[in-house]
Amino acid sequence: MHPEHVLSAPVDLSGIGYYVHWGVLQISAANLVVIALMLIVFALALLLPFPRGRQRR
């Protein structure tokens with residue numbers, strides 16, 4: 001394996017980005033994915049039970 005393949009990005013970053021349009025709102029697809037993942041993690045943090053330690057006697 002060549003060193004340039006190890007250091008290269010998994011996707012072509014020199015291409016034109018894909019944008020999503022909703023009326024006057026325009027956002028790149030990559031940013032939309034990041035925002036969606038952040039919202040999912042936030043929702044999971046609210047819904048999952050907080051880990052408890054040992055019970056006090």
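Two residues are said to be in contact when heavy atoms of each lie within 4.5 Å. By this criterion, and not counting residues up to four places away in sequence, Leu32 touches Val20, Trp22 and Ile27. The structure is a predicted model, in which local features need pLDDT of at least 70 and side-chain atom pairs count only at pLDDT 80 or more, whereas totals for chains, interfaces and linings use all residues. Residues are numbered from 1 along each chain as its sequence is written, and side-chain values use heavy atoms, with hydrogens and water left out.

The protein chain contains two helices and two strands, arranged along the sequence in the pattern α-β-β-α. Helices (H or I, at least four residues) and strands (E, at least two) are DSSP runs, numbered from the N terminus. Strand β1 covers residues 19-22 and strand β2 residues 25-28; the two run antiparallel and are joined by four bridges. Strands are taken to pair if DSSP finds at least two bridges between them. Together β1 and β2 form a hairpin with two residues between them, and Gly23 in the turn has a positive phi of about 65°. Within this pairing, Tyr19 stands opposite Ser28 of β2.

Buried residues account for 5% of the 57 residues in the protein chain. Ser28, located in strand β2, counts as buried because its relative accessible area is 15%. Leaving aside neighbours within four places in sequence, Ser28 is in contact with Tyr18 and Tyr19.

Leu32 belongs to helix α2 and is partly exposed, since its relative accessible area is 28%. Leu32 and Tyr19 are separated by 13 residues in sequence and by 9.2 Å in space, C-alpha to C-alpha.

The protein chain exposes about 6200 Å², of which carbon and sulfur atoms supply 67%. A nonpolar surface patch is formed by Val33, Leu37, Ile40, Leu44 and Leu48, with about 470 Å² of accessible area together. Patches consist of residues with over 30% relative accessible area and no salt bridge, like charges being joined within 9 Å and nonpolar side chains (Val, Leu, Ile, Met, Phe, Trp, Tyr) within 5 Å. A salt bridge is a side-chain nitrogen of Lys or Arg within 4 Å of a carboxyl oxygen of Asp or Glu. Leu48 lies in the segment after α2 (29-47) and counts as exposed because its relative accessibility is 54%.

Terms used. Buried < 20%, exposed > 50% of the residue type's maximum accessible area, 1.4 Å probe, protein only. Areas by Shrake-Rupley, 256 points an atom, 1.4 Å probe, with all protein chains shown as cover.
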